[in-house]
Amino acid sequence: MVHDLNMAHAMSDTTISDDAFLRALAPHKTILYKVAYTYCRNSDDRSDLIQEMVIQLWRSFARYDDQAGVKFSTWMYRIAMNVAITQYRSQTRQIRDTVPLEEFGLNIAAADALDDTASDNMRALMTLIDGMDELNRALVLLFLDGYDAAEIADVVGISASNVSTRMTRIKQKLTAQFAVAGQIKPPTEQTHEA
Amino acid sequence: MKHDLSLDSADNLFAEIRREWRDRDQKLDAAIQLNNQLLRQTLIDKKLVEIKKIGFASALELVAWIPCVILFGVFNAQHFLDWKFFIPGLLLQIWVTVMPIISLRQRASLQAVDFSQPVVALQREIATLRMHRVMAFKWAFLVGQVIWWVPFIVVFFKGILGVNLYAQSDWLNYFMIVNIAVGVALIPIFIWLAQGISPRLQNASWFQKLIDGIAGRDMQAAKEFLHKLESFENEKP
């Protein structure tokens, strides 16, 4: 009887916690896709990676405390990136017992289809990101999502000045690569045309 | 053709890309469908499966581990002053005691990893755990191939069948000494041979993973990543 009551309490607590988790997750669901897409181009592996991210977020949710001043999106980025980088670095598939993502509760087919309508800039950007290592990819993704140097530093765990320096270098490198790829025109030509 | 691009043009380009990124984000938000009811059920199912799996694995380990520790303990107590049996028995006792403890500690450390740490800190922790795991695996294999051969046979025959292999014939004694010597000599030879076999390819077989573990390539990869993290973290602006 006591056991049953404890189980009932445990299940009730679990349900409350699960509901809170799902409520918090919903407005930031695109983070899952963006991180997975940045680290994984194979759609099956991406589907596995998203499941692993959700499970890790859900496991860690009990430790998340929004009173500590950490935004849910920042906390979510940390976990999603850590899961993605860990999987990216392991040369074999670590995830087992995964199901098709639709059966898991997420449908990203329409998101994948957005690839077909991506602009040349976006395609070129993704190609360039593919050539970067796992740590710099994290910086670029956060930068693109509008995070400033201090916020990126908080997620990645390096100083804000280090982030700024690295981002300046990355931007210059990517701009040069964009120019070589013909995505932008050099400043002289732009000035001339203007 | 190479262009000398200014910082301004980089900023302009990335301001444009950021705008496109925001547009894409809005489209993604509309495109990704989250089924809360199904997701909640899936997560609950996963939790139950995990609890069952952990319980089963722990039970299996205890069933395999405890009898081994007891049996070798009894054997060693019975042959405490008889070094020919006590030493191989002790080696096996140490093995069956230490290896599961290392395995349990590693698993506990992995389960305790907090994925909400900043990326560099978490990746450093995982790389360090990986180094420990690779080191444990390498020496478990190299030492194991020695003690789970002749020492185990000596203890098995004496403990289970009551046969003293040392007393059977001079030839058998000679055979056992040579086998132990060969096993010990094989440790550096295995490492040397493994280092000579080509590095692993993606989706490596278990054999290739074993070879990489013995050769120290996995260890090297983990060390290199730790250096990379250090350099990433400490670069002066």
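Two bridges join strand E1 (residues 106-107) of chain A to E1(B), and the two strands run antiparallel. Strands count as paired if DSSP finds at least two bridges between them. Here, Asn107(A) stands opposite Gln33(B) in E1(B).

This is a predicted model, where local features need pLDDT of at least 70 and side-chain atom pairs count only at pLDDT 80 or more, while totals for chains, interfaces and linings use all residues. Residues are numbered from 1 along each chain as its sequence is written, with chains lettered from A and ligands numbered from 1 in the order in which they are written.

**Where the chains touch**
- The contact takes 56 residues from chain A and 49 residues from chain B (in contact: C-beta atoms, placed from the backbone, within 7 Å).
- On chain B's side, H1 (7-31), E1 (33-34), H2 (36-78), H4 (119-147) and H8 (217-234) each supply at least two residues (helices are DSSP runs of H or I with at least four residues, strands are E runs with at least two, numbered from the N terminus).
- H1(B) gives the most to that side, with 16 residues.

**Two helices in chain B**
- The axes of H4(B) and H6(B) (residues 170-196) come within 8 Å and cross at roughly 165° (axes are lines fitted to C-alpha atoms over the stretch in contact, with angles from 0 to 180 degrees between N-to-C directions).
- That makes H4(B) roughly antiparallel to H6(B) (angles over 145 degrees count as such).
- H4(B) brings Leu142(B), Gln145(B) and Val146(B) to this contact, and residues from H6(B) include Ile180(B), Gly183(B) and Phe190(B).

Technical notes. Two residues are in contact if their C-beta atoms, placed from the backbone, lie within 7 Å. Angles under 35 degrees count as roughly parallel, over 145 as roughly antiparallel, 65 to 115 as roughly perpendicular and the rest as oblique.
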